[in-house]
Amino acid sequence: RQMCIRDRSTGADLDGSVQPYGTTDFTFIADAIVFKLESTPTISFSFNMLEAARKCGVNKYLFTSSIGVYSPASVFNEEDVWKTFPSNNDKFAGWAKRMCELQIEAYSIEYNWNNISIVRPANVYGPFDNFDVNNAMVIPSLIIKALNPDPIFKIWGDGSPIRDFVYSKDVAKGMMKVVEKGYKEPINLGSGEGVSIKQIVEIIVRLTNCKKEIFWDKKSLLAE
């Protein structure tokens with residue numbers, strides 16, 4: 001059943017969509033697409049789902065935040081999130097996710113609803129990824145550039161930034177474990193291994209048999 005979860009006027013339909021069935025007593029909320037230039041969609045549908053789950057008496061709830069809530073750093077520590085600000089490249093989505101985390105904290109105080117888990121995944125990739133040229137993330141964006149008809153494979157930066165990329169299935173397993181163990185504090189979820197953008201490009205070039213000229217646009221900054 002399709003509905004717009006950004007619009008609270010969907011009311012009963014939205015509440016019914018998260019009504020527990022049988023022995024199911026938990027709800028996961030995850031963004032499918034990152035709204036790089038808007039915070040409103042992320043905030044509105046996250047708030048709406050949270051309220052619908054509360055009204056329906058969902059026992060356990062998991063909110064998918066993001067490492068975009070952090071300021072750029074080589075290591076992200078969960079407790080440091082409020083000591084800094086998200087980067088300019090992540091400020092819309094980053095602040096939206098922070099606001100949702102604050103709303104969850106408010107719900108725990110106002111409604112004594114403490115069975116809410118928060119995960120902050122690293123850079124997720126995998127099957128059914130988003131390949132929209134307007135808002136694709138790092139790996140699908142690079143795959144698009146390797147396969148499109150442009151004669152030059154143009155990449156922002158010099159390839160040196162290190163990122164943690166984590167496979168979507170591993171993220172799902174990690175989320176389930178967090179909920180099953182009843183972990184309440186925000187927790188980072190990644191592979192634990194850093195990979196440079198240059199290494200990712202080399203892998204994509206090899207697997208796609210890309211023969212293009214690679215151009216590193218060092219005047220542009222890769223999103224931090």
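Predicted model: local features only at pLDDT ≥ 70, side-chain atom pairs only at ≥ 80, totals over all residues.
Entry one, backbone angles. I kept in mind that most residues other than glycine have a negative phi. I then looked up Phe-128 and found its phi near 65°, a positive value in a residue that is not glycine. I placed Phe-128 in the loop that runs between strand 4 (123-125) and helix 4 (138-147). Is Phe-128 buried or exposed? I read a relative accessibility of 86% for Phe-128, so I noted this residue as exposed, the cut-off for that word being over 50%.

Entry two, another positive phi. I looked up Asn-209, also not a glycine, and noted a positive phi of about 55°. I found Asn-209 in the loop between helix 6 (197-208) and strand 9 (213-217). The relative accessible area of Asn-209 is 51%, so I wrote down Asn-209 as exposed too.

How do helix 4 and helix 6 cross? I noted that their axes come within 10 Å and cross at roughly 45°. I marked the crossing of helix 4 and helix 6 as right-handed. On the helix 4 side, I listed Val-138, Ile-139, Leu-142, Ile-143, Ala-146 and Leu-147 as making the contact. On the helix 6 side, I listed Ile-197, Ile-200, Val-201, Ile-204 and Thr-208. I sorted the residues of this contact into 10 nonpolar, 1 polar and no charged.

Definitions and conventions
Residues numbered from 1 in each chain as written. Heavy atoms only, no water. Helix = DSSP H or I, 4+ residues; strand = E, 2+ residues; numbered from the N terminus. Buried < 20%, exposed > 50% of the residue type's maximum accessible area, 1.4 Å probe, protein only. Axes fitted to C-alpha atoms, helices over the stretch in contact; angles between N-to-C directions. Left-handed = near helix turned anticlockwise from the far one by under 90°. Contact = heavy atoms within 4.5 Å. Nonpolar A, V, L, I, M, F, W, Y, C, P; charged D, E, K, R; others polar.
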